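Here are a few notes from my pass through this one. Have the viewer open while you read.

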Amino acid sequence: MTAAPPALLERYRRLLAQPREPFPITLGEGSTPLIRTRRLGAEIGLEELYLKYEGTNPTGSFKDRGMVLAVNRAASSGARAVVCASTGNTAASAAAYAAAAGLPCFVVLPAGKVARGKLAQALVAGARLVMVDGNFDEALAAVRRLGDEGVAAVVNSVNPDRLDGQQTAAWEVCDALGRPPDALALPVGNAGNITAYWRGFTRYAGEGLIESRPRMLGFQADGAAPIVRGEPVAEPETIATAIRIGNPASWAGATAARDDSGGSIESVSDDEILAAQRDVAHLEGIFCEPASAAGVAGVRKLASGGRLHRSETVVCVLTGHGLKDPDAVQAEEGSLAAVAPEVDAIRSAMGI
Ligand code: F0G
C-alpha cells in the first residue's frame, strides 16, 4: 500500500500559497491519472497519446482544482456564502466544497440544459438551485452583478483563485511525463481552463522546471464556437452542454494561449464529439462526458489532416466523468428489452 498523495494545495504550496496560509478544506482533489493510450492513439495515428483523466476528481471534474483554492480563501476571508453560474460542473464542485466549508451555496443554471448527474450533485450537497430561462452567459452576467453587490463570493473562473488552482493540472502533466508534451488538447467553453493550463506551463518554464511549452489546441462545439467565429454566439447549442457557451469570460486568455503557443482553437461537430466519447470508452475503457471528448475529436481531425505528427507527444484532457451525463449515451449495441430468464432466450439475445 502506498500512502495517499498529499492534498493538491500542499503539493504545490510553494507555487500557490501565501506564507503559512492554511488550507483546512480538501476533498482529495488532483493527482489524476495520465493514461498512455494503447488502442486509441494507434487508431488516430499517434504513437504517444495520453489522456489526463480529470473524472477522478472528487466531484468528477477538473473544477475541483480551482474550487478548493477559491473556497478555502472565501471561508478564511469571512465570506457569508458562495455563488456561481454554471453549465453544471462548477455548480457540483462549488456545492461540495461549500458544504465542506459550512458555507451556503447558490448556483444559477440554464433551465433544461444541465446534465442530470450534475444537478443531483448540487442538490445532495444542499446548494440552493436557481434555474433561469436563459443560457449560461446570461446567468454569469447576473451572478457577477450579485458579486459586485456583495451578496456572496463569486466562485466562477472570474475569481482568480479558480484559474490559479487549475494550473496544477499542467504541473501534474509535466511531473508525470518528466517533460512537457508537444501539444495539449482540451475543450473550450468559458475558456478558463485553456487559460489556466497555459499559465501553468508558462509558470513552470519560468521556474526553470521545463524547457519548452506545448502548443495549446482548444476545441469548441460547432454550435457554440464564438472564438472560432470571432464573435459572440447569442444562442449557443450543442449536445455537450458543459461547453454550451456563447461569450466566454476568458476569451482573451484563450486567444493569448493559442497565439503565444503556436496552437489553434477550432470546432468539432456534435457527431464527432459523440464518436470520440464512444471511442475513448470502447478503446480505452474510460467514460468521459461529451464535452470532454471534444479534445479527442479535435486531435483526430488534426492528425488525419497531417497537422499533428505521429511521433509527437500529445495529451488530451478529459475534463469530466461520463456518469454525470448518462442521458447523452445512446445504446447502439445490445437491447434493453427484457427476454425470458432462460438460457435459450439469453443465448439468442447474446447473438451466439
Ligand atoms: N469540460 C467540462 C466537463 C466542463 O464542465 C467545462 C466547463 C469545460 C470543459 C470547459 O472549460 O469553461 O474552462 O473553458 N464548465 C463550466 C461549468 C462552464 O459551469 O461547469 P472552460
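1. Start with R65: this arginine is buried, because its relative accessible area is 1%, and the cut-off for buried is under 20%. Keep in mind that we're looking at a predicted model. R65 belongs to helix α4, which covers residues 63-76.

2. What does R65 touch? Leaving aside residues up to four places away in sequence, the list is L8, G30, S31, T32, K52, E54, N57, G165, Q166, T168, A169 and E172. With E54 there's also a side-chain to side-chain polar contact, at 2.6 Å. As for Q167, its C-alpha sits 8.2 Å from that of R65, although 102 residues separate the two in sequence.

3. Now the sheet. Four strands make up an open sheet in the order β5-β4-β3-β6, and the pairing is parallel. The edges are β5 (128-132) and β6 (153-154), each of which pairs on one side only. Strands of a sheet pair through backbone hydrogen bonds.

4. For a closer look at one pair, take β4 (residues 105-110) and β5: they run parallel and are joined by five bridges.

5. Last stop, helix α9 (residues 192-206). Its 15 residues reach 21 Å from first C-alpha to last, close to the 21 Å expected at 1.5 Å a residue. Its buried residues are G192, N193, I194, T195, A196, Y197, W198, G200, F201 and Y204. Just after α9, have a look at G208, where phi is positive at about 75°.

Methods
Residues are numbered from 1 along each chain as its sequence is written. This is a predicted model: local features need pLDDT of at least 70, side-chain atom pairs count only at pLDDT 80 or more; totals for chains, interfaces and linings use all residues. Side-chain values use heavy atoms; hydrogens and water are left out. Helices (H or I, at least four residues) and strands (E, at least two) are DSSP runs, numbered from the N terminus. The expected span of a helix is 1.5 Å times one less than its number of residues. Buried means under 20% relative accessible area, exposed over 50%, partly exposed in between (1.4 Å probe, protein chains only). Two strands pair if DSSP finds at least two bridges between them. Contact means heavy atoms within 4.5 Å. A polar contact is a pair of N or O atoms within 3.5 Å; within protein, one must be able to donate a hydrogen and the other to accept it, and residues adjacent in sequence count only if both atoms are side-chain atoms.
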